[in-house]
Amino acid sequence: MLTIETSEREPRAAPTQGALPAQVSSFVGRERELAELETLIESARLITLTGTGGSGKTRLGIEVAGRVGGRMPDGVYFVDLAPIRDPGLMASSIAAVIGIRSEPTRPLLDTVIY
């Protein structure tokens with residue numbers, strides 16, 4: 001079973017490119033989930049896909065990101081957090097992928113969030 005959770009999205013100004021991993025196979029099925037995600041992504045700041053390992057969460061997320069990426073003013077990015085074992089490294093991993101530098105006057109996580 002796949003669960004989709006959302007939170008409201010706050011618009012940002014400057015468009016960026018974004019980066020997604022290249023897919024070497026075609027995407028088949030899951031039309032209902034794709035449609036739901038494409039609708040949700042217009043108003044959600046964060047969408048979390050949860051489910052059992054191997055259920056296709058990552059592939060589904062990458063597929064929908066590729067489909068809607070051109071409509072996202074900030075672009076779309078893939079940050080692989082699977083190898084991260086220390087939660088303290090999450091913000092720096094995200095920042096590295098999306099190109100955010102730390103600011104001396106605020107925590108990196110705050111910079112990533114805003």
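## The E33–R30 salt bridge

In this predicted model, E33 and R30 pair in a salt bridge. Their closest N and O atoms lie 4.0 Å apart. E33 is buried, because its relative accessible area is 14% and the cut-off for buried is under 20%. R30 has a relative accessibility of 23%, so it counts as partly exposed.

E33 also meets R32 through a salt bridge. Here the N to O distance is 3.5 Å. R32 is exposed, with a relative accessible area of 61%. Side chains of opposite charge can pair when their charged atoms come close.

## Backbone at R30

R30 sits in the loop between strand 2 (18–19) and helix 1 (31–40). Its phi is positive, at about 60°. R30 is not a glycine. Most residues other than glycine have a negative phi.

## Other salt bridges

How many salt bridges does the structure hold? The count is 8. One of them links E103 to R106, with the closest N and O atoms 3.8 Å apart. Both partners are partly exposed: E103 has 33% relative accessibility, and R106 has a relative accessible area of 30%.

## A nonpolar surface patch

Which residues form the nonpolar patch on the surface? They are L81, M90, L109, I113 and Y114. Together they have about 440 Å² of accessible area.

Y114 lies in the segment after helix 4 (108–113). Its relative accessibility is 59%. The cut-off for exposed is over 50%, so Y114 counts as exposed.

## Fold and surface totals

The protein chain has 4 helices and 4 strands. Starting at the N terminus, their order is β-β-α-β-α-β-α-α.

The protein chain has 114 residues, and 21% of them are buried. Its accessible surface comes to about 7700 Å². Carbon and sulfur atoms account for 56% of that surface.

Note on methods
Residues numbered from 1 in each chain as written. Predicted model: local features only at pLDDT ≥ 70, side-chain atom pairs only at ≥ 80, totals over all residues. Heavy atoms only, no water. Helix = DSSP H or I, 4+ residues; strand = E, 2+ residues; numbered from the N terminus. Buried < 20%, exposed > 50% of the residue type's maximum accessible area, 1.4 Å probe, protein only. Areas by Shrake-Rupley, 256 points an atom, 1.4 Å probe, with all protein chains shown as cover. Patch = residues over 30% accessible without salt bridge, like charges linked within 9 Å, V, L, I, M, F, W, Y side chains within 5 Å. Salt bridge = Lys/Arg side-chain N within 4 Å of Asp/Glu carboxyl O.
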